[in-house]
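Q: I am new to this structure and would like a close look at a single part of it, followed by a connected account of what surrounds that part.

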Protein chains: 2
Amino acid sequence: MTTYTAINLIARPQGGPIGPALFDVVQKKLPIVGQGEFLVKQSHMSLDPAMFGWMSPDPDSYIPPVELGTVMRSSGIGEVVESNHPDFYVGDRVMGMMGWQQYILSNGAGLNKVTVPLTDETILSIFALPGLTATQGLFNVGKPKKGETLVVSGAAGSVGSIVGQLAKAEGLRVIGIVGTADKADWIVNELGFDGAINYKSENLAEQLAQLTPEGIDIYFENTGGSIQHHVVNRMNAHGRIVVCGMIADYPKAQPDLAPSWIPIIKKRLTIQGFTMPDHFGDIPQLLEKLTPYVMQGKIKHRSHTLEGLESAITGLNFFFTGQNKGKLIVKL
Amino acid sequence: MTTYTAINLIARPQGGPIGPALFDVVQKKLPIVGQGEFLVKQSHMSLDPAMFGWMSPDPDSYIPPVELGTVMRSSGIGEVVESNHPDFYVGDRVMGMMGWQQYILSNGAGLNKVTVPLTDETILSIFALPGLTATQGLFNVGKPKKGETLVVSGAAGSVGSIVGQLAKAEGLRVIGIVGTADKADWIVNELGFDGAINYKSENLAEQLAQLTPEGIDIYFENTGGSIQHHVVNRMNAHGRIVVCGMIADYPKAQPDLAPSWIPIIKKRLTIQGFTMPDHFGDIPQLLEKLTPYVMQGKIKHRSHTLEGLESAITGLNFFFTGQNKGKLIVKL
């Protein structure tokens with residue numbers, strides 16, 4: 001093979017579903033591997049809600065958007081297939097920001113070797129962005145205490161499912177908000193959440209009251225939408241709201257407004273947002289915190305694998321529709 | 001004199017102006033001063049926006065509401081006129097929660113002696129709730145750094161004016177939001193703010209952009225209303241929003257919604273509410289922080305004194321109309 005497939009971003013999303021009009025599928029010649037370089041064949045790549053931020057031209061975005069005409073940004077895992085680099089050998093497994101392409105020429109910057117004996121799907125589902133995000137958000141922003149009650153939205157999602165399991169392992173009562181009966185069943189019966197609420201089919205306010213009899217101490221926000229209004233009403237004094245994602249509101253030209261700040265005063269709440277690029281320097285400490293839970297078998301995951309690089313294009317819409325069953329991964 | 005006047009709260013506000021229907025003006029017999037007790041003649045009392053919370057039956061409120069049929073709660077300053085208490089002597093000046101009444105029988109709990117050589121108005125304007133609130137909110141929640149930009153709403157109010165002056169003394173750029181030209185003039189020309197915006201007469205978004213060329217690092221919220229929407233748009237990364245008061249929204253049956261949480265993520269903002277009852281134990285440290293600024297003449301104040309206990313009843317409406325020029329105080 002002397003060519004490979006890559007997908008460039010060629011237009012910005014304008015709201016509404018993501019489709020082929022935003023991307024250009026191109027064939028590229030395999031590059032020559034120079035001194036100090038190596039070639040990676042990507043085997044699996046991760047689809048993450050953060051991608052909507054990367055595709056958007058918003059000047060407030062926390063990292064620069066993908067430049068039009070260049071390869072779409074993503075994290076992935078693969079194998080070194082050719083190397084002129086002193087530290088990376090053919091056969092090494094590596095992960096990092098690889099982009100929507102089959103092959104990546106690298107000098108090693110931003111790629112890390114993977115040595116744990118876990119599948120590609122597990123690595124991308126737990127040790128990549130989702131697990132690091134869950135660990136940073138729960139422990140360093142949410143500051144959980146044993147016996148408290150945590151509610152997490154997007155609870156069957158890649159971040160939410162890990163947040164809930166970590167919180168359970170820490171001795172909290174954990175209630176997850178999901179959008180399908182299957183997800184509700186999974187987080188309660190497989191992951192061990194104390195309760196699940198399907199926001200589409202149930203009366204959220206009533207269910208919340210029933211499942212959080214002692215109120216809510218931590219709300220981990222992954223979705224946006226109307227859930228936050230009901231949750232704020234049940235927050236306890238000194239509660240913490242971790243704002244991690246607003247997927248339901250990103251596609252809206254005019255995002256929904258948030259609950260009045262009056263309860264923030266009355267209940268002395270803290271609402272704090274975070275994004276992982278601020279914490280890339282903390283990854284070793286975050287992995288140190290996360291790894292024992294994984295090795296003790298306390299963090300289960302479910303991945304939803306799409307086949308073929310081009311499946312990424314429409315696969316992104318799963319974040320809006322909630323159709324995916326677990327961490328979205330593309331198998332190349 | 002063997003009787004004195006007290007004002008009991010007899011009904012809860014239902015929205016709209018505060019009036020005589022909520023209160024009962026009663027004459028009481030002067031109590032007999034028992035062993036370990038003393039009698040205070042109150043000379044000045046403070047009117048504070050926190051009173052709306054104290055009058056309200058909201059179960060979420062941070063301290064219990066005033067019970068119907070009992071004296072309305074307030075802080076004040078006065079003189080001991082009779083004493084059977086070992087530590088309080090006739091002629092001592094004391095301050096604390098005294099309520100809407102001319103005389104207070106006390107065993108000393110919650111009352112503190114005042115020894116600084118400042119007028120009653122200055123004590124109530126700076127060293128009572130407003131100054132403590134400003135100090136706690138600015139330093140312990142807002143965490144100001146020299147060179148940053150702070151915007152404060154209700155900037156000519158009892159808390160806002162002290163927040164702004166403390167921030168100026170710390171080397172921040174300070175912009176105040178006010179509701180009259182007179183207040184704008186006062187905070188800029190008397191208090192030394194870097195700028196003022198009259199939200200009623202000017203284009204808030206444009207003025208904010210002009211006066212905060214480097215964005216906003218701290219927003220100190222005293223009023224609620226639409227200001228927060230414009231401010232959030234100009235917040236810098238890692239900005240802090242201190243939520244202290246929502247006076248414009250308290251009288252509304254349905255308070256206005258707040259800005260979407262999307263910028264909280266993108267800019268990694270922290271929005272934190274606080275109320276002083278959580279920090280009554282910290283008053284010595286807060287006074288230690290505040291006093292040097294006052295003694296160095298860096299904290300000016302303006303008080304607006306109403307005459308006579310009964311003037312408190314309609315005086316509370318000044319918080320809604322913004323007619324008061326400085327800290328609202330009732331002279332008994």
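Is B:Lys143 buried, exposed or partly exposed, and how many other C-beta atoms lie within 10 Å?

A: Before the details, a word on the model and its numbering. This is a predicted model, in which local features need pLDDT of at least 70 and side-chain atom pairs count only at pLDDT 80 or more, while totals for chains, interfaces and linings use all residues. Residues are numbered from 1 along each chain as its sequence is written, and chains are lettered from A and ligands numbered from 1 in the order in which they are written.

B:Lys143 is partly exposed, because 13 other C-beta atoms lie within 10 Å; by the rule used here, a residue is buried with 20 or more other C-beta atoms within 10 Å of its own, exposed with 12 or fewer, and partly exposed in between, the C-beta atoms being placed from the backbone. B:Lys143 sits in the loop between α3 (129-142) and β9 (149-153) of chain B, where helices (H or I, at least four residues) and strands (E, at least two) are DSSP runs numbered from the N terminus. The phi of B:Lys143 is near 45 degrees, a positive value in a residue other than glycine. Most residues other than glycine have a negative phi.

B:Arg268 also has a positive phi, near 50 degrees, and is likewise a residue other than glycine. B:Arg268 lies in the loop between α8 and β14 of chain B, and it counts as buried because it has 21 C-beta neighbours inside 10 Å. For an exposed residue one can turn to B:Glu206, which has 11 C-beta neighbours inside 10 Å and belongs to helix α6 (residues 204-211) of chain B. The C-alpha atoms of B:Glu206 and B:His230 are separated by 9.4 Å, although these residues are 24 apart along the chain.

In all, 30 residues of chain B are in contact with 30 residues of chain A, a contact being two residues whose C-beta atoms, placed from the backbone, lie within 7 Å. On the side of chain B that touches chain A, α8 (262-266) and β14 (270-273) each supply at least two residues, and the largest share, five residues, comes from α8(B). That side of chain B divides into 15 nonpolar, seven polar and eight charged residues, with Ala, Val, Leu, Ile, Met, Phe, Trp, Tyr, Cys and Pro counted as nonpolar, Asp, Glu, Lys and Arg as charged, and the others, Gly among them, as polar.

Strand β14 (residues 270-273) of chain A pairs with β14(B) in the antiparallel sense over three bridges, where pairing requires that DSSP finds at least two bridges between two strands. Within this pairing, the bridge partner of A:Ile271 is B:Ile271 in β14(B).

A rotation of 179 degrees with 0.0 Å of shift along its axis superposes chain B on chain A, with an RMSD of 0.1 Å, the copies being fitted by least squares on the C-alpha atoms of residues with pLDDT of at least 70 in both. The two copies are thus related as by a two-fold rotation axis, and the same surface serves both, since 100% of the contact residues of chain B recur in chain A.

Elsewhere in chain B, an open sheet of three strands has the order β2-β1-β4, with antiparallel pairing. Its edge strands are β2 (23-29) and β4 (70-71), each of which pairs on one side only. Strand β1 (residues 3-9) of chain B is joined to β4(B) by two bridges, and these strands run antiparallel, with B:Leu9 standing opposite B:Thr70 in β4(B).

Chain A, for its part, has 11 helices and 16 strands. Its strand β3 (residues 38-46) is joined by seven bridges to strand β5 (residues 75-83), and the two run antiparallel, with A:Met45 opposite A:Gly76 in β5(A). β5(A) also pairs in the antiparallel sense with strand β6 (residues 93-97) of chain A over five bridges, and there A:Gly76 stands opposite A:Gly96 in β6(A). Of the 332 residues of chain A, 47% count as buried.
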